[in-house]
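Hi everyone, thanks for coming. Please have a look at the sequence and the model on the screen, and then I'll walk you through a few spots.

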Amino acid sequence: MSDRIAPTTGTVHWIGTGLSTGRTGLTVLGRAADVVLWGRTRDRARTRLDALGVAAPITVRGLDTDDLADALEPGDVLVSMLPAAHHPRLLRTAIDAGAHFACTSYTSPEIAALADEAAALGLAVLTEAGLDPGIDHLMAHLLLDRARQHLGDGPVRYSLASHCGGIPDEPGEFRYQFSWAPMGVLTALASPARYVEGGTVRETPRPWEGCEDYLLDGEAFEVYPNRDSTEFIAQYGFPDDWTAESFVRGTLRPQGWKRAWKSVFDVVDSGDRDRLAALADELAERYPTTPDDRDRVVLAVSLDARRDGAHWRGRYTLDVTGDDADTAMARCVATSLACGLAPILDRTAGPGLHRAAADTAAARRWLDRLAAEGLPWTHHSTDQEGQR
């Protein structure tokens, strides 16, 4: 198998016109590729494109009238911005057409299996390439690389914390602003969390019960663990002789969130799907996002590592507020994905599965590109290298 992917055409089919499809990301991508924006209908895609005011020529198509499979050519790139449940079907469509694939969601076992099939055909599959997962992965890889350079070889004890949240710029009584479907938010809360604390793997069926205060640059937040953090120890490439004292990937919320959401937790804990759906509809109606509202994205990834009296710690932070051009969430997710497509479009990526960028040089280029496109991050470490 070649270490380079199959030839690319320079055409990207972007499927989905939801809240994570942003002006900045489509503009960045439109400078590097011919973009086709697919909506549920052509009118829906055109309306979204006009509202965004994208500064790039983009073609619109509708899934109701245009055949996606027929539109794909070998070497095209199919980007899915639909909910994760749609990704396997769309990846199957891409593989059958000889097209590459990308999304921002976590890598399910089904996607991983299909990626192996794609690799045999010289096709690239990019996942976990948005904000979280995505930008957080880049930061974690770079922190680990700096720590290894500073501490050298040998056993190390370390703590990693990665917290991200889409929050209101000015939190109201509810302490939250929906940046994706309310039902999805509530369903995520019902998923158990697994993480390392005190050197021991712990699991909580109710993630909010692990909520604790978190101070970032003097500002108070609340954070709680989500999903299975432990699987990322291997994904980030931590050496076998490094021991995790704590390792958590979690969600960040404004201070007071846990108190404001107590009644929500009661419904989530009931396990009653009908009550959950009714609550999702009620919350969407009670707390709508208006054009005057501004959202904010806060991401902080830190690593603290010690060996034989030597100590290294570092942290990356991203803090973005939405404006008239883009919501903060759309800017972060879509721009990250657009930047991550560059190695596929220029054929420097290898075939098969890619989760963000594990290679530190590629991760650095990706982060620098984000900064150049209006997503400036900061980095602080004990050796003071790489500060911005």
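**A walk through the model**

Let's start with A356, which counts as buried because its relative accessibility is 8%; buried means under 20% relative accessible area, exposed means over 50%, and partly exposed is in between, using a 1.4 Å probe and protein chains only. A quick word on where this comes from: this is a predicted model, where local features need pLDDT of at least 70, side-chain atom pairs count only at pLDDT 80 or more, and totals for chains, interfaces and linings use all residues. Residues are numbered from 1 along each chain as its sequence is written, and side-chain values use heavy atoms, with hydrogens and water left out.

Back to A356: you'll find A356 in the loop between β15 (352-355) and α14. Helices here are DSSP runs of H or I with at least four residues, strands are runs of E with at least two, and both are numbered from the N terminus. The phi of A356 is near 45°, a positive value in a residue other than glycine. Most residues other than glycine have a negative phi, and most peptide bonds are trans.

With 41% relative accessibility, R227 counts as partly exposed. As for peptide bonds, the one from D132 to P133 is cis, with omega near 15°, and P133 belongs to the loop between β6 and α6 (135-151).

Is E373 buried or exposed? E373 is buried, at 18% relative accessibility. Its side chain makes a polar contact with the side chain of R31, at 2.5 Å. A polar contact is a pair of N or O atoms within 3.5 Å; within protein, one must be able to donate a hydrogen and the other to accept it, and residues adjacent in sequence count only if both atoms are side-chain atoms. Leaving aside neighbours within four places in sequence, E373 is in contact (heavy atoms within 4.5 Å) with T24, V28, R31 and T335.

Helix α1 (residues 23-30) and helix α12 (residues 328-340) pack at about 15°, with axes 7 Å apart. Axes are lines fitted to C-alpha atoms, for helices over the stretch in contact, and angles run from 0 to 180 degrees between N-to-C directions. So α1 and α12 are roughly parallel; under 35 degrees counts as roughly parallel, over 145 as roughly antiparallel, 65 to 115 as roughly perpendicular and the rest as oblique. T24, G25, V28 and L29 of α1 meet R331, A334, T335 and A338 of α12.

Next, helix α4 (residues 87-97): why is α4 described as largely enclosed by the rest of the structure? Because eight of its 11 residues are buried, including L90, L91 and I95. Among the elements covering them are α3 (68-71), β4 (77-80) and β5 (100-103). Just after α4, G98 takes a positive phi of about 75°.

My last stop is A161, in strand β7 (residues 156-168). A161 is buried, at 17% relative accessible area, and its contacts beyond four places in sequence are V248, A300, V301 and S302.
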